[in-house]
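Please walk through this fold with the structure open beside the text, moving from a single residue to the sheet and then to the aromatic rings.

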Amino acid sequence: MTTNEEKSIRHFNEIAPKYANSHDGRFCEPIYEVIHSILANTQSGTLLDVSCGNGELLSRLTDTPLHLCGVDFSPKMIKEARKRLGDKARLEVESAEHLPFADASVDVLTCTFAFHHYTHPDTVLKEFYRVMKPGAAMLIADPFVPQPVRGLLNPLLRFSNNGDYHIYGKKEMNRIEEMAGFKVLQYSHIGRRAFLIKSIKSPKQIS
């Protein structure tokens, strides 16, 4: 049986060369602008973009002093990101569940429109927590679908050929982040179809 991660990798490998001009690529544009505005005045540190795709968000942050890093489980997406960024970012093919970074080495972690693909969100958040420094900032953006549509849609996502797995609401995101040891600072809607949640790593992880 094909796993959800394998579906996602296959999907993003197929669309990688044309992702920037696709519906999905255009859907992400407003979030990239918001995240850039949030981080524009950051003075220093390491930023890790998890599931960085073709590197579009990272390319918009090259005007900051941040040391830029990105990982994605799609080899062809990382290939596109390397074309876009060259030596301006450290880029690696890897799953969000196995980040190739030392403990407490990341100052800012971003994850845009990928969280709904993760089959094991608790494991992913635990890994985010591991690589982030105490007090480090985390920005997660994902699609927003209101209830009751979200409740009807989620059971069907497991049959998606694109690797979609679960769409989250505000309370659910707050709960799983707090259980992983993060302090949620703000949840906001970006337009009508996306949300952005800002959090920080609490000093001690909640078991």
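Asn-154 has its place in helix α6, residues 149-157, where helices (H or I, at least four residues) and strands (E, at least two) are DSSP runs numbered from the N terminus. Asn-154 counts as buried because its relative accessibility is 10%, buried being under 20% relative accessible area, exposed over 50% and partly exposed in between, with a 1.4 Å probe and protein chains only. Not counting residues up to four places away in sequence, Asn-154 touches Tyr-165, His-166 and Ile-167, a contact being heavy atoms within 4.5 Å. His-166 is twelve residues from Asn-154 in sequence, and their C-alpha atoms are 5.6 Å apart.

The model is a predicted one, in which local features need pLDDT of at least 70 and side-chain atom pairs count only at pLDDT 80 or more, while totals for chains, interfaces and linings use all residues. Residues are numbered from 1 along each chain as its sequence is written, and side-chain values use heavy atoms, with hydrogens and water left out.

Turning to the sheet, seven strands form an open, mixed arrangement in the order β3-β2-β1-β4-β5-β7-β6, where two strands pair if DSSP finds at least two bridges between them. The edge strands, each pairing on one side only, are β3 (90-93) and β6 (182-190). β6 pairs with strand β7 (residues 194-201) in the antiparallel sense over eight bridges, and Ile-190 has Ala-194 in β7 as its bridge partner. Helix α7 (residues 170-179) packs on the sheet, touching β5 (132-143), β6 and β7, and its direction makes about 155° with that of β6; axes here are lines fitted to C-alpha atoms, for helices over the stretch in contact, and angles run from 0 to 180 degrees between N-to-C directions.

Among the aromatic side chains, Phe-27 and Phe-113 form an edge-to-face pair, 5.1 Å centre to centre with 65° between the planes. Rings of Phe, Tyr and Trp (its six-membered ring) pair if their centres lie within 6.5 Å, and planes under 30 degrees apart count as stacked, over 60 as edge-to-face and the rest as tilted. This pair links distant parts of the chain, with Phe-27 in helix α2 (residues 23-39) and Phe-113 in the loop between β4 (106-112) and α5 (121-131), 86 residues apart. Phe-113 is buried, with a relative accessible area of 9%. Phe-115 and Tyr-118 also form an edge-to-face pair, 5.5 Å centre to centre with 75° between the planes, and ring pairs link Phe-115, Tyr-118 and Tyr-168 into a cluster.
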